[in-house]
2 protein chains.
Amino acid sequence: MSTTAQIFHLKQTPQGLPNAADFELRDIQLPEPGDNQVLVENLYMSVDPYMRGRMRFMPPGSKLFGAAVGRVLASNSPAISIGDFVLNPHSWHSHFVDDASVVTQLDPELAPLPSYLGVMGMPGLTAWGGLLITGAYQDGETLFVSAASGAVGSLVGQIAKIKGGRVIGSAGSDTKVQTLINDFGFDHAFNYRTDDPLTELKKGAPDGIDVYFENVGGPQLEAALTHMRPHGRIPICGMIAHYNDHGEATPGPRNLTETIYKFITLKGFVVSAFESKRAEFQQQMAGWIKSGDVRYEETIFEGLASAPDAFIGLFSGENKGKMLVHLAD
Amino acid sequence: MSTTAQIFHLKQTPQGLPNAADFELRDIQLPEPGDNQVLVENLYMSVDPYMRGRMRFMPPGSKLFGAAVGRVLASNSPAISIGDFVLNPHSWHSHFVDDASVVTQLDPELAPLPSYLGVMGMPGLTAWGGLLITGAYQDGETLFVSAASGAVGSLVGQIAKIKGGRVIGSAGSDTKVQTLINDFGFDHAFNYRTDDPLTELKKGAPDGIDVYFENVGGPQLEAALTHMRPHGRIPICGMIAHYNDHGEATPGPRNLTETIYKFITLKGFVVSAFESKRAEFQQQMAGWIKSGDVRYEETIFEGLASAPDAFIGLFSGENKGKMLVHLAD
């Protein structure tokens with residue numbers, strides 16, 4: 001008796017901001033799991049801004065994918081048992097069959113299941129590795145992080161606070177700005193829609209910025225370059241302001257010459273760079289969650305059918321913290 | 001018995017292109033050298049375009065200065081002997097008295113004295129350090145260098161050729177493009193005024209670029225980012241296209257998002273970063289000059305009195321390669 005899965009497909013390549021009409025949910029009959037394969041029912045899935053970039057390269061009709069947490073319903077692998085919880089790369093799927101080697105068992109006692117898609121998972125590792133490895137952040141340095149109320153940004157700021165740093169963050173609403181200061185302990189925060197970034201950076205970091213954790217591009221990058229200290233570092237995690245460019249692209253910073261006399265480094269990265277450090281990261285993060293040093297929020301949409309709305313909502317800032325979809329219990 | 005020096009002074013701030021009437025040669029009685037001071041007679045001096053910018057900030061009557069090579073006539077320093085050849089910051093002076101700490105001894109057996117103002121000096125160290133240290137260039141990689149026929153650019157390309165690399169260069173005239181290929185051994189070269197950078201990069205480097213040595217900014221940086229290979233590096237030495245910005249600045253590259261998935265690093269630098277490696281650099285460069293692997297050109301004016309003409313000649317392109325003035329033997 002094979003299983004029918006509901007799977008979201010890319011109906012057409014999004015033009016500019018993604019739209020509900022770009023996505024199509026189809027019923028697909030799954031094969032029986034073969035040797036060393038598992039059948040999994042997904043419980044939570046993640047939607048992330050990076051998926052927008054990927055969609056440019058996916059032909060219409062492609063199955064969507066990404067990080068999810070599920071429960072094993074059937075297993076032909078000696079390493080995995082029915083009832084195990086597993087991290088897997090098949091978000092946007094209600095169920096899937098795949099090789100046991102692509103899933104990773106999770107300990108639901110160590111941290112809540114959805115946290116493995118956020119603070120304990122990819123966004124957490126992105127924040128930790130991007131700040132400490134790519135950004136080479138040193139204890140006590142001054143950090144600026146944009147999109148600071150997002151899943152990655154709020155962790156970046158909190159890790160720098162744990163390391164004794166001064167932290168300035170930007171967000172897209174006054175409410176979020178208050179959250180950064182009141183809930184996450186940022187030293188200064190501003191609303192990038194209404195405040196001038198350079199003025200705010202000078203206010204929040206009178207002596208300049210050592211590390212700018214770049215999530216957005218545009219005028220905030222330009223302001224950060226101007227206000228950067230010598231030997232500053234800019235780990236480039238994302239440039240959300242540029243993701244939905246089509247036709248005439250958003251111009252880049254007009255002041256890259258700032259890099260020369262200030263020896264500034266800009267370096268792009270994706271989370272795969274830190275895969276070998278995942279165990280070390282999870283140890284530290286679990287400790288910080290238990291001690292209360294790291295706090296996090298989740299916004300959870302209900303039901304697989306709401307996944308496109310959750311994804312689209314990322315670009316209008318509908319989420320507080322990690323944006324997730326709850327598929328099943 | 002003190003020495004009389006001839007020293008060029010700025011008579012008036014140049015308006016537009018500098019003019020002979022802007023300069024005045026005066027006889028100045030030098031003091032006796034004090035403790036740890038030296039008296040030096042200059043033999044060669046450098047004129048450089050950057051001096052023009054500096055003159056805007058120098059009050060009329062100021063002594064001119066810059067890199068020169070001289071011979072020690074008297075020394076009260078235990079580290080420096082009469083007859084030593086020294087690099088010093090007192091170009092435009094026939095003689096000077098200064099602290100021994102501001103001069104650097106040179107080995108005239110290792111390379112010709114005037115080369116210490118060019119290929120063995122600041123432009124050489126800039127090229128060598130920017131490519132091999134900041135750019136982390138590895139043997140056999142594919143290099144693109146802009147302003148490739150300049151003092152720095154032509155060395156960058158030649159060093160990469162010595163290291164077994166593939167080298168693409170851009171310059172501002174068809175004659176210079178031919179020089180890059182015929183005299184400096186570049187694999188491909190193009191005229192950035194008439195050719196499309198991305199088309200030319202795809203032609204010259206079908207498999208992409210590992211290192212882009214950035215001298216100019218603008219459309220060439222954008223094309224390089226697009227055509228960069230994963231883990232590519234962009235040492236930023238200069239951005240000539242942006243230097244004359246006033247009012248509305250030239251926009252930066254619209255495709256900095258390329259850095260993310262390709263793990264690209266951009267890093268600004270100035271030559272002072274490599275000061276600790278100067279000896280290692282000079283050993284290597286001297287070897288390459290002797291073996292003929294590195295070629296360079298010099299244009300030498302005769303006599304201190306010709307220094308203003310040499311300087312003015314920079315702006316009408318009278319020089320081939322490094323522009324120098326010979327003061328004494």
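# Briefing on a predicted two-chain model

Leu106(B) is found in strand β7 (residues 104-106) of chain B, where helices (H or I, at least four residues) and strands (E, at least two) are DSSP runs numbered from the N terminus. This is a predicted model, in which local features need pLDDT of at least 70 and side-chain atom pairs count only at pLDDT 80 or more, while totals for chains, interfaces and linings use all residues. Residues are numbered from 1 along each chain as its sequence is written, and chains are lettered from A and ligands numbered from 1 in the order in which they are written. The predictor gives the complex an ipTM of 0.78 and a pTM of 0.82. Chain A has an average pLDDT of 93, with 97% of the residues scoring at least 70; pLDDT is the predictor's confidence in each residue, from 0 to 100.

- Leu106(B) counts as buried because it has 21 C-beta neighbours inside 10 Å; a residue is buried if 20 or more other C-beta atoms lie within 10 Å of its own, exposed if 12 or fewer, and partly exposed in between, with C-beta atoms placed from the backbone.
- Leaving aside residues up to four places away in sequence, Leu106(B) touches Val69(B), Phe85(B), Val86(B), Leu87(B), Leu113(B) and Tyr116(B), where contact means that the C-beta atoms of two residues, placed from the backbone, lie within 7 Å.
- Between the C-alpha atoms of Leu106(B) and Pro14(B), which are 92 residues apart along the chain, the separation is 34 Å.
- Arg56(B) lies in the loop between α1 (50-55) and β4 (68-75) of chain B, and it counts as exposed because it has 8 C-beta neighbours inside 10 Å.
- The C-alpha atom of Arg56(B) is separated by 33 Å from that of Phe281(B), and these two residues are 225 residues apart along the chain.

**Domains of chain A**

- Chain A is assigned domain 1 (4-118 + 296-326) and domain 2 (122-272), with bounds that come from an automatic or database domain assignment.
- Taken over C-alpha atoms, the centres of domain 1 of chain A and domain 2 of chain A are 29 Å apart.
- To the contact between them, domain 1 of chain A gives 14 residues and domain 2 of chain A gives twelve residues.
- On the side of domain 1 of chain A that touches domain 2 of chain A, the largest share, three residues, comes from helix α1 (residues 50-55) of chain A.
- That side of domain 1 of chain A has six nonpolar, six polar and two charged residues; Ala, Val, Leu, Ile, Met, Phe, Trp, Tyr, Cys and Pro count as nonpolar, Asp, Glu, Lys and Arg as charged, and the others, Gly among them, as polar.

- Eleven of the 13 residues of α2(B) are buried, so that the helix is mostly covered, and among the buried ones are Trp128(B), Leu131(B) and Leu132(B).
- The cover over the buried residues of α2(B) includes α3 (151-162), β11 (209-213), β12 (228-236), β13 (265-268) and α9 (278-291) of chain B.
- After α2(B) comes Ala136(B), whose phi is positive, near 45 degrees; Ala136(B) sits in the loop between α2 and β8 of chain B and is partly exposed, with 15 other C-beta atoms within 10 Å.
- In chain A, Ala136(A) has a positive phi of about 45 degrees although it is not a glycine, and its place is in the loop between α2 (122-134) and β8 (142-145) of chain A.
- Helix α6 (residues 219-226) of chain B is mostly covered, with six of its eight residues buried, including Leu221(B) and Leu225(B).
- What covers the buried residues of α6(B) includes β8 (142-145), β9 (166-171), α5 (197-204) and α8 (258-261) of chain B.

**How the two chains meet**

- In the contact between the chains, 27 residues of chain A meet 27 residues of chain B.
- On the side of chain A that touches chain B, α8 (258-262) and β13 (265-268) of chain A each supply at least two residues.
- By class, that side of chain A has 14 nonpolar, ten polar and three charged residues.
- The same surface serves both copies, as 100% of the contact residues of chain A recur in chain B.
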